[in-house]
Amino acid sequence: MIIAGLFGGLITGALPGLTATMAVALLVPFTFTMNPAEGLIVLGAIYMACIYGGSFSAILVNAPGTPSSIGTTFDGYPMAQKGEGERAILTATFASVYGGIIGVIFLLFLSPLLAHIALRFGPPEYFWMAVFGITIISTLSSDNVLKGFIGGALGLLISTIGIAPIGGDVRFTAGIPQLQGGIELITALIGFFCIPEAFNMIGQRAKEYHLTESKKQPGILLTTFKDVMKKQANLLRSSILGTIVGVLPGAGGSIANLVAYNEAVRVSKTPEKFGTGIPDGIIATEASNNAVVGGGMIPLVTLGIPGAPPDAVLYGVLLLHGLRPGPELFTTHSGVIYTFIMSLFISAILMLPVGIVSGRLLNRIVVRLPIRFLAPLILFLTIVGSYSIRNNMTDVYIMLTLGVIGYILKRFGFHPGPVTLGLILGPIGEMGFVQSLLMGQTLPNKWMIFFNRPLSWILIIMSLLSLCWPLFAGKLVRGHRSGRLSS
Amino acid sequence: MTGDRIVSLACVLIAIAFGAQTRGFHYNGRIFPLLTAVLLLVLSSLLFIQSFFKKHTEQNRKIPVRGDMGVIIGAFAIVIVWVNLLTVIGFIVTSVVSLTVLTLMLDLRRISFNRAVFTIAMYTVVVVVLWYVFHSILLVPLPSGCLL
């Protein structure tokens, strides 16, 4: 059952447009005939594998299969372009397994403590967390920070299209009723990443093949495993970050992978190498996004609050089977919940053989498939993926429009990463901002609500550090180099 | 004008357009998009100013245009026709035809009958399998028209 769930989740995650939430939601009806533990085991395996599967398309075609794999494109795709696609996929596999295991360990032993911390996050903290997320752009677009922030601001503006979360104003819909629901993140993701990549391939059709096939490297499995395991600091830090971000309701893997990537760049002795195709980038993103699986379950099982969107679906599954999420799960239904947690642990481990087999196979297929087949298939999957979100052709048109905009922006040096980051953080930031202002009306000055909580100050300091880090890092590197030269 | 200047001016216009539209909203629905529009306006203006002082490199001297733009535009036109015909003709027929046309267009070799037949057969299998998985197994509806 777990193996079937893992294969299903891998395929869904690898296809751009099909997310973990969708995969879990679509397969819920199949669990009606199973007992609660079996149903949760299958869905947990699908969730875990879906998050990991997004790395395949991120590495091989520069199009993240899920929002959790946006950061994997930064180093995964350059590695594939250098003929190291298999090594990149194996790195992602080992890092995902590691992150998944750490997330489950936190779920098993530290649930009450982390849930208590999550409860202390209020609207001001969510606002500053969104600001911290935006400051990551300064690291992601080190070649032109200004363009990165412009992309981020564009993403924030696009996220405000639709009905305002507080107040209910219909904003920027141009009279189109279908836009009242806003721009779906997945639609934008497919548009900004997949369409420009497909057009790039079409423009390079003379190359015939998209990626260079690397020479067979005997023992690549063992050497990649050893290389990944040597990076214990990166693995552990990214896994812990992913778990913590997963614990915060509403945050999720789409933020975790970018936060972990940012931290990996910040602490690295060679930050300039990130983005050129190094395993450290993949390790950071994949360890963190799989740790979110365990982390997101913590508020779900302890407080009955879903940590990430797929957890909201699992919340429904628990209710369907008569299990009320919350503290009583561990007392009244301890057999079911501990079985589920252990199954997540086993799923993380079994992801290793399943991922190695599938990943290598997919790498071989993509490398050997000529562009004249690969590019049309990617376009086909983008249309299917964007339509199946809301069964609405408007999403397909929006996806194509954003794809053209993304292609043009890319040609002018704007990376799609900051734009999608703005899209992800916009709703979180706006909700936190407006709710905080409403809360602040009890204070003499309502704006003080953003500055009178200790947790907020921690996030403010982290944001300032993240924003100014590229400047410090540049000076540190220059100082270090001149020190070495003089000695 | 360099690409940076064009994009920065476009972003300034977008910021002004969004900012102007917020006038009709209530305070809670206006404040965040207005502040974001102001932020975009400031950043775009800085980029515009920066474009005059930045060293002129080959990359930012002119709008980058590569070869094969005609093929890209042609492919995009086929995609637009494809998407518009999905709900008229149907998912399977439209997708098979469009995928085949795209593939033959991207093939640098002379089109042969055997290659065309192979392409049509391959895409028919792929599209039908995907349609079956979505429609019958996952119960996710795909666009339908007068044919399949």
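Ser95(B), leaving aside its neighbours within four places in sequence, is in contact with Phe380(A), Trp82(B), Leu86(B) and Val127(B), where contact means heavy atoms within 4.5 Å. This is a predicted model, in which local features need pLDDT of at least 70 and side-chain atom pairs count only at pLDDT 80 or more, while totals for chains, interfaces and linings use all residues. Residues are numbered from 1 along each chain as its sequence is written, chains are lettered from A and ligands numbered from 1 in the order in which they are written, and side-chain values use heavy atoms, with hydrogens and water left out.

Ser95(B) lies in helix α5 of chain B; helices (H or I, at least four residues) are DSSP runs, numbered from the N terminus. Ser95(B) is buried, with a relative accessible area of 1%. Buried means under 20% relative accessible area, exposed over 50%, and partly exposed in between (1.4 Å probe, protein chains only).

The two chains meet through 69 residues of chain B and 60 residues of chain A. About 5,700 Å² is buried between them, 78% of it from carbon and sulfur atoms; buried area is the accessible area (1.4 Å probe) that two parts lose on being put together, summed over both. Two salt bridges are counted between chain B and chain A, a salt bridge being a side-chain nitrogen of Lys or Arg within 4 Å of a carboxyl oxygen of Asp or Glu. Asp107(B) forms a salt bridge with Arg372(A), with the closest N and O atoms 3.7 Å apart. On chain B, the side that touches chain A takes at least two residues from each of α1 (3-21), α2 (27-53), α4 (69-86), α5 (91-106) and α6 (113-137). The largest share, 16 residues, comes from α2(B).

The largest nonpolar core has 191 residues, and those with the most contacts inside it are Tyr47(A), Ile202(A), Met297(A), Leu314(A), Trp82(B) and Phe91(B). Such a core is a set of buried Ala, Val, Leu, Ile, Met, Phe, Trp, Tyr and Cys residues joined through side-chain atoms within 4.5 Å. Helix α3 (residues 36-61) of chain A gives the most to this core, with 16 residues. Not counting residues up to four places away in sequence, Ile202(A) touches residues including Ile371(A), Leu379(A), Val71(B) and Leu106(B).

Met79(A) is in helix α4 (residues 72-81) of chain A and is buried, with a relative accessible area of 0%.
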